[in-house]
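Dear colleague,

I am handing over the structure below, and I would be glad if you kept it open while you read the notes that follow it.

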Amino acid sequence: MLVGAVALAACHARGSAGGTSAGVSADAGASAGADASAGAGAGADADASADASATTSSLTPFGAPTAIPKYSCPVVLPGGGFRSFLSPADTKVAFVDGDDLLALVNRSPTGALPPSYAPRDLVDARDLSPRSAGECEARTCLRKEAATALHHLLDAMRLEGMQGRVESAFRGFGTQCWVFAGWASKAHAGFCEATTQSALPGHSQHQLGTTVDMFTSDWAAHGEVFRDGFGCTQGGKWLDDNAWKFGFVVSYPIDPDDRKEGSRCAVRWDHPVPIDPKTGYKNEPWHLRYLGESAASQFHAAWLASDPGSPGEITLEQWLRAMRGLAGDTELPVCDGCQCSACASMAADGERAPCGDAALQLDADGRVTAPAEEPALLDASATTESDAGAQGGGRTVVVEAKVHAPPHTPTQPPVAGDDGPAYGDGASFEALVPYPGTRPHRYADLPGAWRVAVEPLPSPHARWPWRASLAKPSLAATWNRANLVLPALAGDSVVRVRVTLPKGTSKLAVTLLRDGAEHGTRQIALDVR
């Protein structure tokens, strides 16, 4: 069953935040959509016949940067000052070709669609009749190929005794502005909470015209649909197992670190569950994106090969990145004044920007820039913390590296927070448990990223086995669950790394490591035990 053309709750809504139900009637949607233009045009001039195997422009892995006209969205672009709003530099260019079925749309500055973009082959998802983007503000619309596939998926659900229910499909840029504003007004923590649950305008996969929020009528009959638990229902499990057969993929699964033991659909209760750093959002078992049957099948095969349930399990984001040759799991969200120590901006020094020196800085092609000067290792020391910290009887020591990092210095996990992680017996940067109850992660070197590196002397088999980020320690809980480029804490700071020493260790070497090269290496003498 197809219902509700315009969602009154955000695309990435969570029931716990108390959004308004998206299941409005078509007539109600028409009224709401008429007020939702936010100054953005609805036209598009790209070809609508994108093939599922299409790739983005060869100019950059993200796509060709294209200047976009100034647009109006008051909740994002205020008249003056900006506490929790975008920099002007991050609203002047878009990288995404929306007609590409494999477009990389996410929270990053490089993951935005132009305000003017709307597919030219939109149809009413009920009867497949052609519709304009304006008409689709009051209807449930998708691109024709996606809408046809949706009918096949709904037919298959009916054969299994389930009545599918679409709550939201295509949403234009202007409507997303209105949706985000509504969610921000209802979220407990306002704008900043809304950014983790609703896409900023231009950053929503719904604007592609290939994405639906899918539930079942049984689920909708018992309350507001955007609530926790749908993934563990018959409908949620069926979509997780079968949507790919019809060309659809669940974009935002539960991160393996956050799953209840033995379950794919339930979230663990013994540890706080922040956003999934690999997707930028919390779990949404209802959010389905159409790629085409061939591409969805290829993704499913790659997902199976990634060892589902392990830290290496890929999401759609990682698969699309791999196709573009991009290193790391994902890109950081655009800077909006929230979580400044984990965001990226295209604003140059001296330009208005909500996070200033705390952010990663991107160049005109969306690539992370190098800092104006190299970081420096100012001092290093080690203090014995325990003589019984390792199974082999080795000592646990805390290495303190005093570092100076210029603004916008790129670094990467693992982040050494006050509560860990610690390098125990046999652990290395290629096999480190980010926090209890999780499996070891691998933090392979990312191009251009700086890290503190520690090595016991005499050296074991591997060089520099213990590595730690220059980022703010509080980022550990969220960002150690992925491997990506982060901004270093600007200025002078101390990076503390807990390590368990192999027997016979007489010295420690400490350095700053980037692209395999050592910078400012120091040695620390230890008492031999």
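**What was found**

Phe215 is buried, with a relative accessible area of 0%, and since this is a predicted model, that value, like the others here, was computed from predicted coordinates. Phe226 is buried as well, at a relative accessible area of 1%. These two residues form an edge-to-face aromatic pair, with 5.3 Å from centre to centre and 85° between the planes. Phe215 belongs to strand β6 (residues 211–216), while Phe226 sits in the loop between α5 (217–220) and α6 (234–242), so the pair ties together parts that are 11 residues apart in sequence. Both residues are members of one aromatic cluster, which also includes Trp219, Phe230 and Trp286, and the count of aromatic pairs in the protein comes to 13.

Strand β6 also has a partner, for it pairs with β5 in the antiparallel sense over 4 bridges. Within that pairing, Ser168 stands opposite Asp213 in β6. Strand β5 (residues 164–168) has 5 of its 5 residues buried, so it is largely enclosed by the rest of the structure.

**The protein as a whole**

The protein has 9 helices and 19 strands, and of its 529 residues 58% count as buried. If you take the contacts in the protein with a separation of 6 or more, residues 24 or more positions apart account for 72% of them.

How high is the mean pLDDT of the protein? The mean is 86, and 85% of the residues reach 70 or more. Over residues 4–58, however, the pLDDT is below 50, although this stretch has 153 contacts in the model beyond near neighbours in sequence. Where pLDDT is low, the predicted coordinates should not be read in detail, so please treat the contacts of residues 4–58 with that caution in mind.

The largest nonpolar core has 34 residues, and among them Leu291, Trp319, Leu332, Trp479 and Leu486 touch the most other members. Three helices, α7 (293–305), α8 (316–324) and α9 (476–479), each supply at least two residues of this core, and the largest share, 4 residues, comes from α7. Apart from this core lies another one, of 32 residues, including Ala169, Leu239, Ala243 and Phe248.

Strands of a sheet pair through backbone hydrogen bonds, either parallel or antiparallel.

**Backbone details in the loops**

The bond from Pro413 to Pro414 is cis, with omega near 10°, and Pro414 lies in the loop between β13 (410–411) and β14 (450–457). A cis peptide bond also joins Leu457 and Pro458, where omega is about 0°, and Pro458 lies in the loop between β14 and β15 (466–469).

Asp307 has a positive phi of about 65° although it is not a glycine, and its place is the loop between α7 and α8. Is Asp307 buried, partly exposed or exposed? At 41% relative accessibility, Asp307 counts as partly exposed. Asp515, which is likewise a residue other than glycine, has a positive phi near 50° and is found in the loop between β18 (507–514) and β19 (517–525). With a relative accessible area of 52%, Asp515 is exposed, because the exposed class begins over 50%.

With best wishes

How values were computed: Residues numbered from 1 in each chain as written. Predicted model: local features only at pLDDT ≥ 70, side-chain atom pairs only at ≥ 80, totals over all residues. Heavy atoms only, no water. Core = buried A, V, L, I, M, F, W, Y, C linked by side-chain atoms within 4.5 Å. Buried < 20%, exposed > 50% of the residue type's maximum accessible area, 1.4 Å probe, protein only. pLDDT = per-residue confidence, 0-100. Contact = heavy atoms within 4.5 Å. Phe/Tyr/Trp six-rings, centres within 6.5 Å; stacked < 30°, edge-to-face > 60°. Pairing = 2+ DSSP bridges.
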